[in-house]
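Biologist: Please take one part of this model and go through it closely. Then tell me what else is worth a look, and give me the cut-offs as you go.

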Amino acid sequence: MLLSRETLVPTAPSVPPATALPSTARAEASMPTELTPRAQQRRIIEHDPRAPLVVIAGAGSGKTATLVERIRWLVRHENVEPRGILAVTFSRSAAAELSARLAVRLGSRGDEIKVSTFHAFCREMLVLHAYRAELDPDLRVLEESEALTRFHEVYRELLHGRLGEIAVPAALDLIAPGKALALLYRLVTTVTEEGLTAQSLLASVRRAQRALWSGEGLPRTLAISGELRDGFYRTKARMGEPKAKEALARRHEAPSPDTLRAQMEMETTVARVMATVMERFDALLAERGEATYAHLIAHLDHLLDDDEHRSAIRARFTHCVVDEYQDTNAAQQRLVERIFGERLHGVMLVGDPRQSIYGFRNARPDEIERLAARHGAAGIDENFRSLQPILDAAHLAIAPQRREEMPMRALRDGTGNGEEVSVIAAQIQGRANGDAREREAEAIAAEAERLVAERGLAYAQIAILLRRKTHAQVYVDALARRGIPARTTGGVGFYQAGEVEEAMAWLRFTDDPTDDTAMLRVLGSGIIGANEETIAALAAPGSAEREVEERRLQLTRAVLVEPLPPALDGEARERVETLREIADELDGVGSLPLAEAVQRVLRASGLEYRYAAAAQESLDGRQALANLHRLIEIAQSFARDLPEARIPEFLEYLDGLREVAFDEREADPPAADAVTISTIHWAKGREWPAVFVAEVTRNVFPAYRAPDSVVWDYGERTLIVTRDQDGAPTYHALHARFSAGGDAAADAWRARELAEERRLFYVALTRARDRVYVCGTVSASGGGGESCSEFLAEVRALDGVRLLTAPLSLETSTPRAVAARAGGDDASMVELLRAQRARDDAERRDDVLPRSRDGGRMLSFTKLDSYATCPLRYAYEDVLGLPGLAEPTLPPNARNEIGAAEYGALIHAALECYNLERIAGERCDLLAAFVRSLDELQLHGRLGAERIAAARASLGAYLAHPLAQARVLGAEVPFSVEIGGTTIVGAIDLVAELGDRALIVDYKTGSGETDHYGLQLAIYREAATHLFGARQWETSLLLVRDGAVREVHPPETDAAERVREIAACIARGEYPARPGLACATCPYRGQPCTAYEGAPAMR
């Protein structure tokens, strides 16, 4: 909707920048209590009282004040009875503010106006008509966390088979119970709010499937061109389909009838599960006289089916104003039209499609523009809040989707001294992301300190806004290092706060001491404080060869039962003995009632006392203590609803709460004058003189979240299972995303998510009055280019933007405030490693590298590559000998990565056997060698039929390749060669001659990148020259996978220079974390390394 550009002169008095606003100020706080309307506002206030109107009111436009004056005008000038006016808002705080303003402007008559949230209005109407609605007159409305508690009961019944003989499909991902709980809850509440019953849900799914495919003939071809970037999935052919890549291409367009039937049956199974769960959930709520927010909407919608009651509700109100209409969902929009009629007589809808940011709550921003086109619209494009450069930057964020609009116009005079819009960039090189987020946070803290010292701002006038809540602690710590207090709110980082994560680890340890993740966390906690070398000694040599479960039991026995290893010094022994004493004290606590058990765990572990002491020293410590008390309150609330619940059920419930979007269970902030750290969603409707929009980093903001395994499609009003059993996108999902076919880049779901990300960025920028900072990382590539978030790049390219650079390194000193939070003894695993390196630096210079027989330093390419990929992982594995206990954390669509090592071992063993037979002149049969290798490696039960078939097909393709006929000079040729002052050892897969060509070949079976193997091939060239003499060697990788073989020739690097560089870094003890895609399969992910939180996710 193009905002009106009436010929108006901005004559309102300016608001000087010195006017201070507390962080809790609402957006319209800069408007006077008694409004002198401007032309655009007057048009809205004095609009025809019976005619509908859609108001497009931009950020900071004085919207609430305008609504108050509209209602006052109806009462004073149009003689509308106040009790006949309904004003609907979307939060209790907004309703309270509107009521207070109406009381000021209308006196006692303002109290007669019905001001309510959507859900409170629904409840009141249902209670008034409780008999007809067949509901308890004392109907209790559940908050979201309470509703999830009730739903958890039903979910446990489902898992334990108490809802009948019902098959639970893999699409619901019940392997991760917390995520599955949240997914099912979201789906059930959405379907309920849509007004569907269990039976109508099943009917809706059947109807959508018939529209997708009649069941006769072939499905319609979608003809999608280009590559679908949907992550990893297998490409094994199905019955009646071609093989490998051809099958994948076919499935993107039109699957075989059998494949599509199987996909539809999976959808039907999911719908049956949901229908069963819905019926049980509805019955449970009815028994207890309770309703969720979704049920309130559904119950009132059902009540409105009765003409008499619909007429009675409609007759109560002659006029209605709905605020924030852009954030309504389809069910709420339907209620408005059912109550006031499709012509919406006397209804004013107010909102801003540019600020619609609740898509995850099913909001539909296009609806307000549809109604504006139908009923007429008025706009306010004048802004009382922000300076013009800020508004220009904000407009740039949403310009791609609103090309016809102009930026809002600032009514404030004044200037930000050239500091209105700034960019803070943390530079990173290539894959070495390292501490970029910490350096970005340090730069923000330094600038906040300057604003207070030089510009006279209070702490409460500064906010740091985050796209997601998982990394808030980084910014809290950076501020604390400078003595700046911070308050986290809006659900920011509560479950990710160190004290909460540590408390949950102690709870998991109490419930199951063999939980290796919990064991490692409590070992490294501030109370115990064991370092990696202690853990390595406890894990015992050779434990890496054991099965996962055996390794876990071994670690538990070593820590809690067996005599301690002689290698442990006195301090390390004392720490482990402390853990043993705590474990004895916690024995049996898991059987206690939940609330008592949680408090016992916090006391016995020392967490309660530790943070109580920290609270005496710092604001950060007080926040931590408040968070622990909040965790106890959550446990008490959960236990009241489920008296039989114990620690496992509570942990599962917490995992579900963490997955439910926009949970606000943070502790009350312990101070008022502090920098606010919140999500952008919580900040909507608020403002600050200075705002830092943090983590505007590639893959973080804008973010694209892969769709859940099951989604609700509002267009078709049906469930869609988004992925097949092999991880490939289903035909139904592709049809929804590319209904008309076309280019793979024209993905409707991705486009919708990016549009919302842009609106979210717009909201973040428009929270600022005088100064806004866009902060993120910028990667420099070897070719001189740069890579960063498109949002940061767009702002940085604006004229007049102030560019700031984050420090290139962090100071190593630990500030007193942070130490107080840690209780003086809570160094992280990485910090412990650094400290150990500092103490033993001289000794490490001599002993860190393995030695050859003549005393020289010795490495393999595998170790070189391991260090190049992540130095910290190299340190854990090869310096400290710490066994990896973490299992790969892969997305559901990456199931083919499981068994990758075994698959590679099988291919290599078969080819080695085949080539050695050829050297010996024996009868050669590659497939026979494959069968022997399969037996010798005992992989029949571990790989599965699909993997084995894929390996067989790949070897069949190898036989058709020219290399199969080459003269073999060597297979698995071992070598030891001096390069760059270091002895490099290894083995070359194949050295061969093909005509007059001399070949060095390395087999690869994985699906990762290949460019970094240039160093390996350069080393192999040196080794082959050493073993076979100087020749014109041709080096290549042979990719043997997916039923095909393909040669790749990565550019070789300078082997001597690179080896010297890595060996020197190892000798100096330089082991920084290097987060990246490899984190997904790292055996130290989360235990003990936590740097993976900044790594890009596998999709």
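Modeller: Glu972 has a relative accessible area of 25%, so it counts as partly exposed. The scale runs from buried (under 20% relative accessible area) through partly exposed to exposed (over 50%), with a 1.4 Å probe and protein chains only. This is a predicted model, so local features need pLDDT of at least 70 and side-chain atom pairs count only at pLDDT 80 or more, while totals for chains, interfaces and linings use all residues. Residues are numbered from 1 along each chain as its sequence is written, and side-chain values use heavy atoms, with hydrogens and water left out.

Glu972 sits in strand β24. Its phi is near 50°, a positive value in a residue other than glycine. Most residues other than glycine have a negative phi.

Now the partners. Strand β24 (residues 967–979) pairs with β25 in the antiparallel sense over eleven bridges. Two strands pair if DSSP finds at least two bridges between them. β24 and β25 form a hairpin with two residues between them. Gly980 is in that turn and has a positive phi of about 60°. Val977 has Ile984 of β25 as its bridge partner.

Ile984 also has a partner in another strand. Leu859 is bridged to Ile984 of β25. Strand β23 (residues 858–860) and strand β25 (residues 982–994) run parallel, joined by three bridges.

β25 then pairs with strand β26 (residues 997–1004), antiparallel, over five bridges. Glu993 stands opposite Ala998 in β26. These two strands also form a hairpin, with two residues between them. Gly995 in this turn has a positive phi of about 70°. In a regular strand the side chains alternate between the two faces of the sheet.

Asp1042 is another non-glycine with a positive phi, of about 55°. Asp1042 is in the loop between β27 (1033–1041) and β28. At a relative accessible area of 45%, Asp1042 is partly exposed. Pro1051 lies in the loop between β28 (1044–1048) and α41 (1055–1068). Pro1051 counts as exposed because its relative accessibility is 56%. Pro1051 and Ala1018 are 33 residues apart in sequence, yet 9.0 Å apart in space, C-alpha to C-alpha.

Phe701 and Pro702 are joined by a cis peptide bond, with omega about 5°. Pro702 is in the loop between β16 (688–693) and β17 (710–713).

On a 1 Å grid over the protein atoms alone, a cavity is a set of points where a 1.4 Å probe fits but cannot get out; a pocket is an open set with protein on both sides within 12 Å along at least five of seven lines; lining residues have an atom within 4 Å of a point. Grid points are joined across faces, edges and corners, and a volume is the space filled by probe spheres set on the points.

The second largest pocket holds about 550 Å³. Its lining has 20 residues, with Asp282, His295, Ala298, His299 and His302 nearest the centre. Two elements, α10 (257–288) and α11 (293–303), each give two or more residues to that lining. α11 gives the most, five residues. Domain 1 (39–139 + 293–380) and domain 2 (140–288) both contribute to the lining, so the pocket lies between them. Those domain bounds come from an automatic or database domain assignment.

Thr192 belongs to helix α7 (residues 177–193). Thr192 is buried, at 6% relative accessible area. Thr192 touches Met278, Ala294, His295 and Ala298, leaving aside residues up to four places away in sequence. Contact means heavy atoms within 4.5 Å.

Eight cavities reach 30 Å³ or more. The largest cavity holds about 70 Å³. Leu86, Phe118 and Phe340 are among the residues that line it. Helix α13 (330–340) supplies the largest share of that lining, four residues.
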